[in-house]
Amino acid sequence: QALYMLGADHHGYVQRMMAMCAAFGDEPGVNLEILIGQLVNLVKDGEPVRMSKRAGTVVTMEDLVEAVGVDAARYALTRSSINSMLDIDLDQLSKKTNDNPVFYVQYAHARTKQVANNAASLGVDRSEFEPAMLTHVSEEELLAKLIELPRVMATAAEFKEPHRVARYLEEVAGAYHRWYDNCRVTPLGGGEVESVHRTRLWLNNAASIVLANGLSLLGVSAPERM
C-alpha cells in the first residue's frame with residue numbers, strides 16, 4: 001500500500017501511520033509506504049493564492065474540489081511528479097477548453113463515444129478488421145500510442161508515479177484528436193460502408209477503452225457526452 005501526501009507538516013502523521021502498520025503485524029516501509037510530495041501552489045487570475053494558517057486563508061481539499069470539481073482536482077494532483085513543486089491554475093482547470101488537461105482527455109473519450117454512436121446509426125460495424133488499411137500517418141501515430149499502454153502502466157506501478165498515466169493519456173488524447181480530424185469512420189454523403197470504415201471503428205473503440213481505463217485508474221470519470 002502506498003499513500004501520497006502533500007505538504008510539510010507530515011512527520012508526526014508518518015510516525016503514527018507506521019506504528020499502526022507495525023501494530024497490525026505488517027512491516028513499515030514494506031507493506032506500507034508513504035510518499036511525501038512537494039508543496040502545492042494555487043494560482044488565480046494570474047496571481048498566487050496566498051495561504052496562511054494564522055490569517056485563516058488556508059485552502060483545504062474541499063475548497064479545491066468546490067472550485068474546480070472532483071475530476072479536475074484529482075487529475076491536477078496526479079499529473080505532476082511528487083518530486084516537483086505543483087502549480088495549480090484554478091482558472092485553467094475551470095475552463096472547458098483544450099487548455100484544461102483533464103477536459104482535453106475527457107473530451108477525447110467523449111468523442112470516441114460520439115463516433116461509435118454515429119457509426120452504429122449508419123450501419124458501420126466491427127465485422128472485419130484489416131490493419132493494412134490504416135495507412136494515414138495519424139493512424140500510425142495513434143496505434144503507436146495505444147500499444148504503449150502496458151509499458152506505461154507497468155512503469156507507473158513500479159516507480160509509484162501516477163503522473164506517468166496522466167501524461168500518457170494526454171498524449172493518447174492528442175493523437176486521437178489528430179486522427180479524428182484526418183480519418184473518417186463513417187462514409188461521406190451516404191456512401192457505401194467499406195472495410196476501411198469498419199477497421200477504423202476498431203481503432204476508435206480501442207482508443208476509447210484506453211482512455212476510459214486510464215482515467216478510471218486516476219479516479220477520474222470518463223463522460224460519454226460533453
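This report describes the fold, cores, aromatic contacts, a pocket and selected residues of a predicted model.

## Basis of the model

The model is predicted; local features need pLDDT of at least 70 and side-chain atom pairs count only at pLDDT 80 or more, whereas totals for chains, interfaces and linings use all residues. Residues are numbered from 1 along each chain as its sequence is written, and side-chain values use heavy atoms, with hydrogens and water left out.

## Overall fold

The protein chain contains 9 helices and 5 strands. These elements are DSSP runs numbered from the N terminus, helices being H or I of at least four residues and strands E of at least two. Read from the N terminus, their order is β-α-β-β-β-α-α-β-α-α-α-α-α-α.

Of the 226 residues in the protein chain, 38% are buried. Buried means under 20% relative accessible area, exposed means over 50%, and partly exposed lies in between (1.4 Å probe, protein chains only).

## Nonpolar cores

A nonpolar core is a set of buried Ala, Val, Leu, Ile, Met, Phe, Trp, Tyr and Cys residues joined through side-chain atoms within 4.5 Å. The largest nonpolar core has 45 residues, and Y75, I88 and L169 touch the most other members. Helix 8 (residues 163-182) is the element that gives the most to this core, with 9 residues. Another core, of 6 residues, lies apart from it and includes V14, M17, M18 and L32.

## Aromatic and charge contacts

The structure holds 4 aromatic pairs. Rings of Phe, Tyr and Trp (its six-membered ring) pair if their centres lie within 6.5 Å; planes under 30 degrees apart count as stacked, over 60 as edge-to-face and the rest as tilted. F103 and Y107 form a stacked pair, 5.6 Å centre to centre with 10° between the planes. Both residues lie in helix 5 (residues 101-121), 4 residues apart, which is about one turn of the helix. F103 is buried because its relative accessible area is 13%, whereas Y107 is partly exposed at 25% relative accessibility.

Elsewhere, ring pairs link Y176, W179 and Y180 into a cluster. The charged end of R126 sits over the ring of W202, 4.7 Å from its centre; this contact requires NZ of Lys or CZ of Arg within 6 Å of the ring centre and within 35 degrees of the ring normal.

## The second largest pocket

A pocket is an open set of points on a 1 Å grid over the protein atoms alone, where a 1.4 Å probe fits, with protein on both sides within 12 Å along at least five of seven lines; lining residues have an atom within 4 Å of a point. The second largest pocket holds about 200 Å³ of space. Its lining comprises 12 residues, of which A156, P162, V165, L217 and L218 lie nearest its centre. Helix 7 (residues 149-159) supplies the largest share of the lining, 3 residues.

## Selected residues

Q106 belongs to helix 5 and is buried, at 8% relative accessibility. The C-alpha atoms of Q106 and E170 are separated by 9.6 Å, although the residues are 64 apart along the chain. V137, in helix 6 (residues 137-147), is exposed at 59% relative accessibility. Its C-alpha atom is separated by 8.5 Å from that of W179, 42 residues apart along the chain.

K160 is found in the loop between helix 7 and helix 8. K160 has a positive phi of about 55° although it is not a glycine, and it counts as partly exposed at 28% relative accessibility.

Terms used:
Grid points are joined across faces, edges and corners, and a volume is the space filled by probe spheres set on the points.
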